[in-house]
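Subject: Structure handover

Hello,

Here is the structure you will be working with. My notes on it follow below.

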Amino acid sequence: MTRPPSHARAVIVGGGVAGCSVAYHLTKLGWTDVVLLERKRLTSGTTWHAAGLIAQLRASKNMTRLAKYSQELYSELEAETGIATGFRRCGSITMALTEARREEVLRQASMARAFGVEVEEITDTEVKALYPHVNTEGMTAAVHLPLDGQGDPANIALAMAKGARQRGAKVFENTNVTGIRTDKGRVTGVTWEAGGDTGTITCDTLVNCAGMWARDFGAMAGVNVPLQACEHFYIVSESIPGLTQLPVLRVPDECAYYKEDAGKLLLGAFEPVAKPWGPIPEEFEFDQLPEDFDHFEPILEQAVERMPMLAKAGIHTFFNGPESFTPDDAYHLGPVPELDGYYVAAGFNSIGIQSAGGAGMALAHWMDEGLPPFDIGDVDIARMQPFQKNRHYLRTRASETLGLLYADHYPYRQKATARGVRRSPLHEHLKAHGAVFGELAGWERANWFAGPGQERTYHYNWGRQNWFENQAAEHRAIREGVGLYDMSSFGKIRVDGPGAEAFLNYVAGGDMSVPVGKIVYTQLLNAKGGIEADVTITRLSETSYLIVTPAATVVRDLAWLKRHTGNNLVVLSDMTAAEAVICVMGPKSRDLMRTVSPADWSNEAFPFGWAKEVEIGFGLARAHRVTYVGELGWELYVSTDQAAHVFETLVEAGADHDLKLCGLHMMDSCRIEKGFRHFGHDITGEDHVLEAGLGFAVKAAKPGFIGRDAVLRKKEAGLASRLLQFQLQDPEPMLFHAEPILRNGEVVSYVTSGNYGHTLGASIGLGYVPCAGETAPEVLASSYEIEVAGVRVAATPSLKPLYDPKSERVRV
Ligand SMILES: Cc1cc2nc3c(=O)[nH]c(=O)nc-3n(C[C@H](O)[C@H](O)[C@H](O)COP(=O)(O)OP(=O)(O)OC[C@H]3O[C@@H](n4cnc5c(N)ncnc54)[C@H](O)[C@@H]3O)c2cc1C
């Protein structure tokens, strides 16, 4: 047997569809020195037994872009490699059986149009014309995506492996990677074992494509890859006479999908409570798990009604295979925060075949160019929190996430399992006052407060949910009186050391050479002028700063900062859990602060954009005069041991000021009225800071910061698009996310974030509008509509915040 070489530019671990795709795409970019190591035979993990559905539409534009890319690639692979991939554009139908699902599929169809995916709503008769065997009883709506496809998963992977080999990659089967070599925070090589032989490959980069093994494989090098294998089921009928090619049919309300396969019918399930599986036996290779008919039976019972021919056909195969699921149903891609040169493509949540082509392409570009080709924050491995590798957590959460793929995707839907891991020091206090919690990055956060006697739970739908009036009342308190909300989940990164100022001047667009106590709102930019983080940075002393960032991005931000420290003498520390953040906001916040603290809270002594230490009750806090809700107010950073005391002091004094406890749904409603951007939605690594309308925060005159050249170039060339704020002219429809934006009747873009503006009295959305060569008045002069579940609603555009455009309320 040929032995693996002693060095490679990239070593890929795992020869499933993901590993083969990464090898294929790296070699396409000219990386010939690529080695793929597979412990058994190619595809022998999960890939060989996938059902082979290849859809194009995902929940966001870029995930759709990647899925579309896969689909287009697979249609060409056979011609390139000579391997029959079985790829067919058979189309797909999704059938809704409830009113809520009807709204969901119609909204999805609107979204598909915004993302350039062909889709049409079809009637009962049209469903029957495309799929004569289906019983359409109870159908409330259906959509048809004519270009969706299906294929042979193993051959798709093998074709990509062949394509990679043809361009110089070396693939070794029956070669188990047994160890990772590292030096000074960088991966330097792997050790392998093959049939008693062992060896080492030194390498510049390593890609963990180990499928359901990826968590434990990652742990070998201290790398966090949270995923869990679950049993995943389908049955295949006996041959059905006369059955010819059909579209894929999804009936999510019955947790089922159907695929015609060589004259047989495959019925797959996404049952609400899944079965986590493991440990994985050492010898696992092209294996399946024992059948569990009792578990599958409820799905089959409904399926027989839906597809009567199944009752007669008989079951040829009962298949149960393991697949990995992640805590948020999104896969893991990109460089890991823990180790330089180490990348991941794993955790595909039952859509690995349709995702692998795009994921491999995006990762190869990321490895080659240092940045992904466009924003892929939805799947960036750095969104995961360290605790999420906990195995009890993963098993519990994965039992839910499998079924969620076919559950109603209501806005604001919260996960039900594995909750309560991270809590603010105020958690019990907030709970006692009626808080209803949501979860983000493991944090329990008060999203809204139930009134006395009101049920403390979400009732989801696509309109105004049961907390709408609570949000409205909290919103009014912030706009007219004073409200308090807990933002302890904010990520807090301390930057300490003699090099702190120079370092932050290099990584941030703003000017960090400011006096102690000054708060700078700024962005960390990439070399293209895209926004990697949207933060405030407060100078705490000559040599230390505090970066405050969203809860979900602190791991990613720390990784970005670490990668760019260069020779600056700095220490970076995650201080998130060290301080609670109590936000006191509203025109009457000053009055309240005066009753609990002897500090001078006047505008002159404590202007906007400054922080200082204050006494509150018997304790101490650092008050930051900033706002995300667009009102006068302070964020109080309080050592966690004193947080409860400060809270109690504020609430007690607040009784005389009608202080209202508020949740984060209020915060989002207030911020969208003010046009404040939401990182990850409105602004991402692919959005240029000037097009995002944040040029005011960039000090282009400052020399030598990352992204400066791109900012100067854009100034010269002019904006290709602009982020606009929209208000629906009809107060009824709700905007959530991804609704298409039409300009003069043509779809030009989509809503990046939306919420109801309770002061403005209608739904508000943000979205980019292409505008190359146009002036701002020209952009605004057009007529705009936003499509909500297939209905076009007139919208008023604005480049200035629709609420308090001059920020007069903030600076009083
Ligand atoms: C029943 C079922 C139906 C499915 N249907 C669909 C579908 O219709 N459409 C779709 O898109 N997806 C579907 N999927 C999901 C899809 O099969 C997976 O997402 C995909 O195959 C995952 O590919 P992978 O490369 O990440 O993992 P794998 O195929 O498991 O590959 C990982 C490889 O890594 C190797 N490995 C692990 N550790 C080491 C080591 N230390 N050294 C060397 N090699 C190692 C393993 O042997 C394995 O071959 C389905 C899955 C199941 C179970």
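How far is an oxygen atom of the ligand from a polar backbone atom of leucine 53? The model is a predicted one, and in it that separation is 2.8 Å. The protein buries 98% of the 1,000 Å² that the ligand exposes when taken alone.

Two further backbone contacts belong with this one. A ligand oxygen atom lies 3.0 Å from a polar backbone atom of glycine 52, and a ligand nitrogen atom lies 2.9 Å from a backbone N or O atom of alanine 51.

The ligand is surrounded by 36 residues, with Glu38, Thr47, Leu53, Glu323 and Gln354 the closest. By type, the shell holds 17 nonpolar, 16 polar and three charged residues. At least two shell residues come from each of helix H1 (17-28), strand E9 (176-183), E12, E17 and helix H9 (352-369).

Two of those elements pair with each other: strand E12 (residues 228-237) runs antiparallel to E17 over ten bridges. Glutamine 228 has phenylalanine 325 in E17 as its bridge partner. Eight of the eleven residues of strand E17 (residues 315-325) are buried, so the strand is mostly covered.

There is also an open sheet of seven strands, paired antiparallel in the order E35-E34-E38-E39-E33-E37-E36. Strand E35 (746-750) and strand E36 (753-757) are its edges, each pairing on one side only. On average, neighbouring strands of this sheet are turned by 40° against each other, direction ignored. Within it, strand E34 (residues 740-743) and strand E38 (residues 784-788) share three bridges, and leucine 742 stands opposite glutamate 785 in E38.

Regards

Methods:
Residues are numbered from 1 along each chain as its sequence is written. This is a predicted model: local features need pLDDT of at least 70, side-chain atom pairs count only at pLDDT 80 or more; totals for chains, interfaces and linings use all residues. Side-chain values use heavy atoms; hydrogens and water are left out. Two strands pair if DSSP finds at least two bridges between them. Helices (H or I, at least four residues) and strands (E, at least two) are DSSP runs, numbered from the N terminus. Axes are lines fitted to C-alpha atoms, for helices over the stretch in contact, and angles run from 0 to 180 degrees between N-to-C directions. Buried means under 20% relative accessible area, exposed over 50%, partly exposed in between (1.4 Å probe, protein chains only). A residue is near a molecule or strand if one of its heavy atoms lies within 4 Å of it. A polar contact is a pair of N or O atoms within 3.5 Å; within protein, one must be able to donate a hydrogen and the other to accept it, and residues adjacent in sequence count only if both atoms are side-chain atoms. Accessible areas come from the Shrake-Rupley method with a 1.4 Å probe; for residues, only the protein chains shown count as cover. Ala, Val, Leu, Ile, Met, Phe, Trp, Tyr, Cys and Pro count as nonpolar, Asp, Glu, Lys and Arg as charged, and the others, Gly among them, as polar.
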